[in-house]
Amino acid sequence: MNEINLTIKHKDGIFGAGLRAAHYSFWHQLSDLPILEIMADNYMMLEGGPALYHLDKIRERTHTVMHGVGLNIANAFSIDRNYCYNLKKLSDRLNPLVISDHLCFSASPTHNSFDLLPIPLNEETEKLVINNIHIVQDILQRPLCLENISSYVAYKNNDYTEIEFLNSLCKKTGCGILLDINNLYVSAVNHKFNALTELKKVNPSFVKQYHLAGHSTMDDFLFDTHDNLVCSEVWSLMQSALNFIGKRPVIIERDDEQAPISEIINEINIGNSLI
């Protein structure tokens with residue numbers, strides 16, 4: 001295999017990427033690795049094999065954060081404790097800087113939506129989520145971070161904005177926030193609120209990590225797809241977050257397996273130039 005001649009500028013930068021199987025060989029070749037995000041659901045049930053081999057080799061050389069999609073933190077039935085124990089097992093193996101999932105519900109006992117669904121942002125839901133967070137954190141024995149999602153519908157009985165809801169959860173449980181800048185922008189456009197105004201509602205001390213991604217423009221809404229480059233408006237909002245909240249690990253999400261590694265490295269370098 002020919003050596004890939006790409007480098008990360010700003011060796012001590014805070015921008016990194018999601019670890020994807022298609023790019024294992026590149027990360028092995030790179031001399032200075034950025035921070036990498038591990039998709040927990042891809043590894044937590046494995047007992048061995050190539051994926052864990054590559055993960056162990058790569059994590060020896062850089063910091064990691066761990067992100068999941070299956071926690072279903074706002075479901076009204078019960079937290080899947082087996083899922084949480086498997087999550088803890090992986091987190092004990094990786095010792096990541098951050099463990100995160102989404103502020104959403106995604107499944108009932110009889111149906112899985114395979115999507116991240118918005119929740120009513122009211123006191124009743126808050127009590128439910130607080131209870132679930134305590135269960136998860138008691139199992140993990142470390143704080144959980146919750147991510148704001150991109151949304152396309154909203155509930156009429158919302159008492160909080162999403163950021164206000166997250167602030168309250170953090171204050172009452174000790175959890176943290178994974179602030180997704182692209183999701184904030186997508187939701188702001190879709191629901192016609194000001195993304196910067198909402199950003200400035202966040203308590204900076206609660207934010208432990210950022211996400212950044214590209215989205216798609218549909219006929220009358222934005223769709224969070226993670227298969228495009230970060231747009232200029234989202235980069236501008238990212239700069240505002242760095243100015244207002246401060247430096248935290250930033251993961252650029254690019255979920256299409258055919259994404260050229262050169263584009264991912266270029267966006268990491270663009271991000272590091274902001275700090």
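**Helices and strands in the interior**

Modeller: The cover over the buried residues of helix α2 includes α1 (24-29), β2 (36-39) and α3 (81-94). The model discussed here is a predicted one. Helix α2 spans residues 50-59, and its buried residues are Leu 52, His 54, Leu 55, Asp 56 and Ile 58.

Next comes helix α5. This helix has 12 residues, and the distance from its first C-alpha to its last is 16 Å, close to the 16 Å expected at 1.5 Å a residue. In α5, 9 of the 12 residues are buried, so the helix is largely enclosed by the rest of the structure. The buried residues are Glu 162, Ile 163, Phe 165, Leu 166, Asn 167, Ser 168, Leu 169, Cys 170 and Thr 173. Their packing partners are α4, β7, β8 and α7 (195-199). After α5 comes Gly 174, which has a positive phi near 80°.

Strands β7 (residues 145-147) and β8 run parallel and are joined by 3 bridges. Opposite Cys 145 stands Gly 176 in β8. Strand β8 also pairs with β9 (residues 207-213), again in the parallel sense, over 4 bridges. Here Ile 177 has Val 207 of β9 as its bridge partner.

How enclosed is β8 itself? Of its 5 residues (176-180), 5 are buried, so the strand is largely enclosed by the rest of the structure. Gly 176, Leu 178 and Asp 180 point one way from β8, while Ile 177 and Leu 179 point the other way, and all are buried.

The nonpolar cores complete the picture. The largest nonpolar core has 78 residues, of which Phe 15, Trp 27, Ile 73, Tyr 210 and Leu 212 touch the most other members. Helix α4 (residues 123-140) supplies the largest share of this core, 7 residues. A second core, separate and made of 6 residues, includes Ile 35, Cys 145, Leu 178 and Ile 251.

How values were computed. Residues numbered from 1 in each chain as written. Predicted model: local features only at pLDDT ≥ 70, side-chain atom pairs only at ≥ 80, totals over all residues. Heavy atoms only, no water. Buried < 20%, exposed > 50% of the residue type's maximum accessible area, 1.4 Å probe, protein only. Helix = DSSP H or I, 4+ residues; strand = E, 2+ residues; numbered from the N terminus. Pairing = 2+ DSSP bridges. Core = buried A, V, L, I, M, F, W, Y, C linked by side-chain atoms within 4.5 Å. Contact = heavy atoms within 4.5 Å. Expected span 1.5 Å × (residues − 1).
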